[in-house]
Each structure stands twice: as C-alpha cells, then as structure tokens.
Amino acid sequence: MEAEHYFPSPSLCSTRWWSKETVAVVTGGNKGIGYALVKQFAELGLSVVLTARDYHKGEAALQALEAHGLANHLHFLLLDVSDPLSIKNFASSFQAKFGPTLDILVNNAGVSFNELDGNTVEYAKTVMDTNFYGPKLLIEALLPLFRCSSSSSSVSRVLNISSRLGSLDKLRNKKMREMLERGELGEEEIEGMVKRFLGDVKSGRWENEGWPLQWTDYAVSKLALNAYSRLLAKKQSGLSVNCFCPGFTQTAMTRGKGTHTADHAAALAATLALLPPSHLPTGRFFLLSRNTTPTTTITSKL
C-alpha cells in the first residue's frame with residue numbers, strides 16, 4: 001500500500017460546517033479513544049450519541065462527561081456491536097429518538113485478546129464478530145438513517161477505527177492478497193476470506209496458510225474492515241467512508257502502554273471526521289504518524 005504524504009490540517013476544521021443539529025454516533029464510547037472522541041465532539045458543539053455494551057459503564061461515562069458541562073450535547077444508547085439483535089434494537093432506538101438525521105458514524109468499538117507480545121486465536125470468532133461483522137452490520141442498519149442532503153455544505157460520513165496491522169502487506173498468502181487488491185472485489189469475497197480464516201483456525205492450519213503473523217485474528221478482522229470500507233466507499237454516493245489507524249495508543253487494549261494518549265488519537269480522529277465537505281475524501285486509510293505531533297499519512301487507497 002503506497003502512501004502519499006497528506007496532512008489534513010486541524011485548521012481546516014475552523015470552517016465550521018456543523019452545529020448542535022449535527023448528530024454523531026461513537027461506538028465503544030465509554031472508555032479510551034471512544035470516550036475522548038465523544039468528549040471532543042461534544043465540546044465542539046455536536047450532538048453525540050455515546051454507545052456502550054454495558055449499561056452501567058455507559059451511564060458512568062455519561063455522568064462523567066456531564067460533569068464537564070456537556071449534558072446538552074450528550075445521549076446514551078446501549079449497543080453491543082457483536083450482537084446482531086443489539087444492532088437492530090439500537091437502530092430502532094436511534095430512529096425513534098432522532099429520525100433520519102445521522103451525520104457521522106465512528107465505528108470505534110473493538111476487541112483483542114492478545115498480550116502485546118503474544119498471539120492467540122482462541123477467541124477468533126468473537127474478534128471477527130466485533131471488529132468486522134459488527135461495524136458492517138451497524139453501517140447497513142443505519143444506512144437509511146443517514147441524513148440525506150442535496151447541499152454541498154454537508155456530507156454524511158463514516159470513520160472506521162482500524163489498524164495498520166490490517167494492511168495488505170501483512171498478508172503472506174499471495175492469492176488472497178491478489179484477490180483483495182482487485183478493483184471488482186465484492187462482499188462475498190471479503191466474507192469468504194473471513195470464513196476461510198475461521199475455518200483454518202478451527203482446523204489448526206492457520207499458522208501455515210499465510211495469515212498475518214502479529215495479532216493474527218485482530219489483523220484479519222481489520223483487513224476485512226478495510227476491504228469492506230473501500231467497497232462501501234465505491235458503492236455509496238453521498239457518503240464518505242474512511243479508515244483511521246490511531247497507532248500505538250495508551251488504552252486498555254495496549255494495557256496502558258503506547259506512544260501517545262487516547263486524547264491525542266481522538267483529536268486527530270475528530271479532525272478527520274469533521275473535515276469540510278470540500279476537503280473530505282472517501283475510500284482512504286489515514287495513518288497516525290510515528291512522531292508525537294498531530295500529523296497523518298494517508299494511503300492512496302484502502
């Protein structure tokens with residue numbers, strides 16, 4: 001995946017196209033990058049729906065944010081992205097509360113059961129259900145609820161929090177890589193790859209089938225998410241779909257280790273999610289650069 005040097009400057013967001021009527025959904029918003037992003041969206045004046053799979057943790061996060069004086073911008077709805085029924089119920093609840101007014105969806109919720117220097121596939125199905133099928137099914141459930149606007153001053157958008165571990169160059173299976181690189185890639189092929197991986201895990205062949213070597217199940221889930229995002233960006237006119245790798249961030253998933261804080265990663269995610277329509281790409285993969293300043297690299301394609 002050849003990278004272009006591209007810097008979507010935070011100053012672009014000084015062109016304020018949003019208001020309190022702008023509705024954003026952030027999954028996994030009770031902690032880490034999700035929590036920080038909910039807080040920044042609310043501080044910037046958007047209406048934000050914080051989601052969490054645990055009611056008590058979601059309520060606790062909501063109360064903590066309300067203590068910062070953000071209550072007028074916050075809402076909480078229960079959502080477990082690994083559960084199709086929960087996704088269906090969430091979409092119904094959102095429609096009842098907001099109608100077809102969704103402007104921004106940030107698919108942030110995700111899981112990994114790996115230690116930093118470990119690699120287990122014991123929970124591979126849970127990882128796929130949460131990191132790939134979850135965002136995919138949620139997007140599909142919410143597509144009718146995105147705000148339809150004929151105005152060029154507003155474009156609905158999806159930002160999928162992904163990982164560089166899901167880059168094509170991590171996939172050692174040449175035939176699989178060539179399949180994913182094809183321009184006419186379809187959903188059936190993406191899901192076929194995921195099913196094949198889960199089959200290899202079940203049969204114990206996964207180590208010899210060319211799958212990524214580091215955090216294998218997590219990497220494959222993000223590989224599938226990136227491919228689906230690219231496909232969706234081509235299919236959906238009027239909807240911007242991009243991915244963002246926040247890098248080695250200090251969160252629960254990294255056991256608190258990392259090169260930068262969740263607030264730092266969330267600030268960049270907010271910049272990407274709030275780019276003005278005239279500067280908003282689609283089908284791109286944004287990558288947090290290795291230094292500590294808020295710069296990014298964007299690849300030419302997902």
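Q: Which residues lie nearest the centre of the largest pocket?
A: In this predicted model, the largest pocket has a lining of 47 residues. About 1,300 Å³ of space lies inside this pocket. Those nearest its centre are Gly110, Tyr218, Thr251, Met253 and Thr254.

Q: Which element gives the largest share of the lining of the largest pocket?
A: Helix 1 (32–43), strand 3 (47–52) and helix 7 each supply at least two residues of that lining. The largest share is three residues, and the element that supplies them is helix 1.

Q: How many residues in the lining of the largest pocket are charged?
A: Sorting the lining of the largest pocket by class gives 18 nonpolar and 19 polar residues. The remaining class is the charged one, and its count is ten.

Q: How many helices and how many strands are there in the protein chain?
A: Let's step back to the whole chain. The protein chain has 302 residues, and buried residues make up 55% of them. Among contacts between residues at least 6 apart in sequence, 74% join residues at least 24 apart. As for its elements, the chain has eight helices and eleven strands.

Q: Why is strand 5 said to be largely enclosed by the rest of the structure?
A: Strand 5 covers residues 102–107. A residue is called buried when its relative accessible area is under 20%. Strand 5 is largely enclosed because the number of its six residues that are buried is six.

Q: How much space lies in the second largest cavity?
A: The count of cavities of 30 Å³ or more comes to two. For the second largest cavity, the space is about 50 Å³.

Q: Which element supplies the largest share of the lining of the second largest cavity?
A: Among the residues lining this cavity are Ile104, Arg157, Val158 and Leu159. Strand 5, strand 6, strand 7 (239–245) and helix 8 (262–273) each supply at least two residues of the lining. By class, the lining has seven nonpolar, two polar and one charged residues. The largest share, three residues, comes from strand 6.

Q: What span should helix 6 have at 1.5 Å a residue?
A: Helix 6 runs over residues 187–203, which makes 17 residues. The expected span is 1.5 Å times one less than the number of residues.

Q: Which helices do the buried residues of helix 6 pack against?
A: Ile190, Glu191, Met193, Val194, Phe197, Asp200 and Val201 are the buried residues of helix 6. Just after this helix, glycine 204 takes a positive phi of about 80 degrees. The partners that the buried residues pack against are helix 4 (124–142), helix 5 (174–181) and helix 7 (216–235).

Q: Is tryptophan 215 buried or exposed?
A: Tryptophan 215 sits in the loop between helix 6 and helix 7. Although it is not a glycine, tryptophan 215 has a positive phi of about 45 degrees. Its relative accessible area is 7%, and the cut-off for buried is under 20%, so tryptophan 215 is buried.

Key: Residues are numbered from 1 along each chain as its sequence is written. This is a predicted model: local features need pLDDT of at least 70, side-chain atom pairs count only at pLDDT 80 or more; totals for chains, interfaces and linings use all residues. Side-chain values use heavy atoms; hydrogens and water are left out. Helices (H or I, at least four residues) and strands (E, at least two) are DSSP runs, numbered from the N terminus. Buried means under 20% relative accessible area, exposed over 50%, partly exposed in between (1.4 Å probe, protein chains only). Contact means heavy atoms within 4.5 Å. On a 1 Å grid over the protein atoms alone, a cavity is a set of points where a 1.4 Å probe fits but cannot get out, and a pocket is an open set with protein on both sides within 12 Å along at least five of seven lines; lining residues have an atom within 4 Å of a point. Grid points are joined across faces, edges and corners, and a volume is the space filled by probe spheres set on the points. Ala, Val, Leu, Ile, Met, Phe, Trp, Tyr, Cys and Pro count as nonpolar, Asp, Glu, Lys and Arg as charged, and the others, Gly among them, as polar.
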